[in-house]
Amino acid sequence: MIIGARFARWRLGLFIFGVFLTFGIIAHYCAGSRWPNGALFMQNITLWWACPWTLSVAAVQAGGLGMVAIGLTLMLAARVSPIRPAAEGSAALWLCIVGLLGVFAVGYPGYFVFDAIWPSYYYSPIATGKNAWLLGQALFIAIYFAGLMIAFGDVRQALSLATQTATRA
């Protein structure tokens, strides 16, 4: 129950954080990019209309929604299962938190770090810079996914045992 509540609480905080991050995307659209857009960039409609921070903001918001689903399911499983669905210090929660905050760090403020190393990497495109930036985000999305899979396994086991117990009764 406690670990489920923690998932839900962290998710609510990350959801508010994700809404706040949206203001950066709006500012990007209002001010435009600081680098000239080349012909190749203008041909790629997904880049032309998208802000560089869209991926990290979407990952934080969607990932937080996943944490709420897992958290509420863990709370339910704690009520109906004969075993505890997740340990108090569950690695799943911390993997999810680190994954979402990491994808934000690489995708949002990290954008400026990568831009200092490879100027205009997002708009030119400079494949080395863009690939390193995207792979950094992918790494943290994978960390989040690993945490989600651990939590899913905990929930699945607890709900399976609850079903077996209810069937026997």
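Colleague: Why is Asp-154 called buried?

Modeller: Asp-154 has a relative accessible area of 19%. Buried means under 20%, exposed means over 50%, and partly exposed is what lies in between (1.4 Å probe, protein chains only). With 19%, Asp-154 is under the cut-off, so it counts as buried.

Colleague: What kind of model is this, and how are residues numbered?

Modeller: It's a predicted model, where local features need pLDDT of at least 70 and side-chain atom pairs pLDDT 80 or more, while totals for chains, interfaces and linings use all residues. Residues count from 1 along each chain as its sequence is written, and side-chain values use heavy atoms, with hydrogens and water left out.

Colleague: Where is Asp-154 found?

Modeller: In helix 7, residues 127–168. A helix here is a DSSP run of H or I with at least four residues, a strand is a run of E with at least two, and numbering starts at the N terminus. Counted that way, the chain has seven helices and zero strands. Asp-154 is 64 residues from Ser-90 in sequence, but 9.8 Å from Ser-90 in space, C-alpha to C-alpha.

Colleague: How much of the chain is buried?

Modeller: Buried residues make up 40% of its 169 residues.

Colleague: Why does Gly-99 count as buried?

Modeller: Its relative accessible area is 0%, so Gly-99 is on the buried side of the cut-off. Gly-99 belongs to helix 5. Leaving out residues up to four places away in sequence, Gly-99 touches Phe-140, Ile-143 and Tyr-144; a contact means heavy atoms within 4.5 Å. The C-alpha atoms of Gly-99 and Tyr-144 are separated by 4.2 Å, although the two are 45 residues apart along the chain.

Colleague: And which residues does Ser-56 touch?

Modeller: Not counting residues up to four places away, Ser-56 touches Val-103, Phe-104, Gly-107, Tyr-108 and Gln-137. Ser-56 is in helix 4, and at 0% relative accessibility it counts as buried too.

Colleague: What makes the Trp-53 and Tyr-108 pair stacked?

Modeller: Rings of Phe, Tyr and Trp (its six-membered ring) pair if their centres lie within 6.5 Å; planes under 30 degrees apart are stacked, over 60 edge-to-face, and the rest tilted. The structure holds 12 such pairs. For Trp-53 and Tyr-108, the centres are 5.0 Å apart and the planes stand at 25 degrees, so this pair is stacked. Trp-53 is in the loop between helix 3 (45–49) and helix 4, and Tyr-108 in the loop between helix 5 and helix 6, so the pair ties together parts 55 residues apart in sequence. Both Trp-53 and Tyr-108 are buried.

Colleague: What is the aromatic pair of Phe-104 and Tyr-108 called?

Modeller: Tilted: 35 degrees between the planes, 5.7 Å centre to centre. Phe-104 and Tyr-108 are both buried. They also belong to one aromatic cluster, with Tyr-111, Trp-118 and Trp-133 among its other members.

Colleague: Which residues have the most contacts inside the largest nonpolar core?

Modeller: Trp-53, Tyr-108, Tyr-111, Phe-114, Tyr-121, Tyr-122 and Trp-133, in a core of 15 residues. Helix 4 (54–80), helix 5 (91–107) and helix 6 (109–117) each give two or more residues to this core. A second, separate core of 12 residues includes Met-67, Ala-92, Ile-97 and Leu-100. A nonpolar core, by the way, is a set of buried Ala, Val, Leu, Ile, Met, Phe, Trp, Tyr and Cys residues joined through side-chain atoms within 4.5 Å.

Colleague: How close do the axes of helix 5 and helix 6 come?

Modeller: They come within 3 Å and cross at roughly 40 degrees. The axes are lines fitted to C-alpha atoms over the stretch in contact, with angles running from 0 to 180 degrees between N-to-C directions. Phe-104, Ala-105, Val-106 and Gly-107 of helix 5 meet Pro-109, Gly-110, Tyr-111 and Phe-114 of helix 6.

Colleague: What about Ser-120: buried or exposed?

Modeller: Buried, at 8% relative accessibility. Ser-120 is in the loop between helix 6 and helix 7, and its phi is near 65 degrees, a positive value in a residue other than glycine.

Colleague: And why is Pro-52 called buried?

Modeller: Pro-52 has a relative accessible area of 2%, so it passes as buried. Pro-52 is in the loop between helix 3 and helix 4.
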